[in-house]
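Me: Please take a close look at one part of this structure for me, namely its pockets. I'd like to know what lines them.

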Amino acid sequence: MNDNIILHTEHLKKAYGDEVVLEDINIEIKKGEVIAVIGPSGCGKSTFIRTLNLLEKPTSGDIYFDDICITDRKTNIYDVLPKMGMVFQQFNLFNNMTIEKNITFAPVKHKILSESEAKENAKELLFRVGLSDKGDAYPSQLSGGQKQRVAIARALAMNPDMILFDEPTSALDPEMVNEVLNIMKELARGGMTMVVVTHEIGFAREVASRVIFIDEKKIMEDGAPNEVLDNPKSERLKSFLDSVL
């Protein structure tokens, strides 16, 4: 396996009963890549990204992360999955915890950091996402954009090798979208490996190193942003881009 490949899938399939959502998904993701995943609503984009970290269990096929087969029942996934951060559409913060506690909870629980180390790390991360004054606040006191920035800080607190983003801006008011995208751009510039399910075609064009178009249960196109977005090969992608641009 190429040392530069952090994650790859082999013949990945996901079905709910008789309804097949994803079929024969084969992908290699290299360290430092920013991959934007686009496609029409209901095409399986979110299922795809949630399958990569086993939030959705694949029906068949294999997923390898750092050369470890995480779909093998013998693998202790709790040794592996903390290295794969996740940022959700609806933030998924703990409403009964302060912002600082939301960020420190997982690294302390997984014994990655001590309580004091985690608190110091949380301060640094909150500064990084522009929320230094919000450590003692609760999620209910924050705007949607601020909650999503906390969610990114929480993912970073685990010092992941890769972060998955499931439509991170789709629940936000338009004026809050850029404050989240700017943090993601900074992460990309810093070399973080990212897979981002998004409707933000401008972000895909500006930041992504690859764009993947999913439809009809498969990856239909995969390439550099200028190839996929400016020179689509399939009529299906042309039609999709016409509807969103």
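Reply: The second largest pocket has a volume of about 200 Å³. Do keep in mind that this is a predicted model, where local features need pLDDT of at least 70 and side-chain atom pairs count only at pLDDT 80 or more, while totals for chains, interfaces and linings use all residues. Residues are numbered from 1 along each chain as its sequence is written, and side-chain values use heavy atoms, with hydrogens and water left out.

A pocket here is an open set of points on a 1 Å grid over the protein atoms alone, where a 1.4 Å probe fits and protein lies on both sides within 12 Å along at least five of seven lines; lining residues have an atom within 4 Å of a point. Points are joined across faces, edges and corners, and the volume is the space filled by probe spheres set on them.

Around the second largest pocket you will find L54, K57, P58, G61, D62, I70, T71 and R73. That lining divides into three nonpolar, two polar and three charged residues (Ala, Val, Leu, Ile, Met, Phe, Trp, Tyr, Cys and Pro are nonpolar, Asp, Glu, Lys and Arg charged, the others, Gly among them, polar).

The largest pocket, for its part, has a volume of about 750 Å³. Of its 22 lining residues, M84, M86, F88, A106 and H110 are the closest to the centre. Two or more lining residues come from each of β6 (84-87), α2 (99-109) and α4 (144-156), these being DSSP runs numbered from the N terminus (helices H or I, at least four residues; strands E, at least two). α2 gives the most, with four residues. By class, this lining has 15 nonpolar, five polar and two charged residues.
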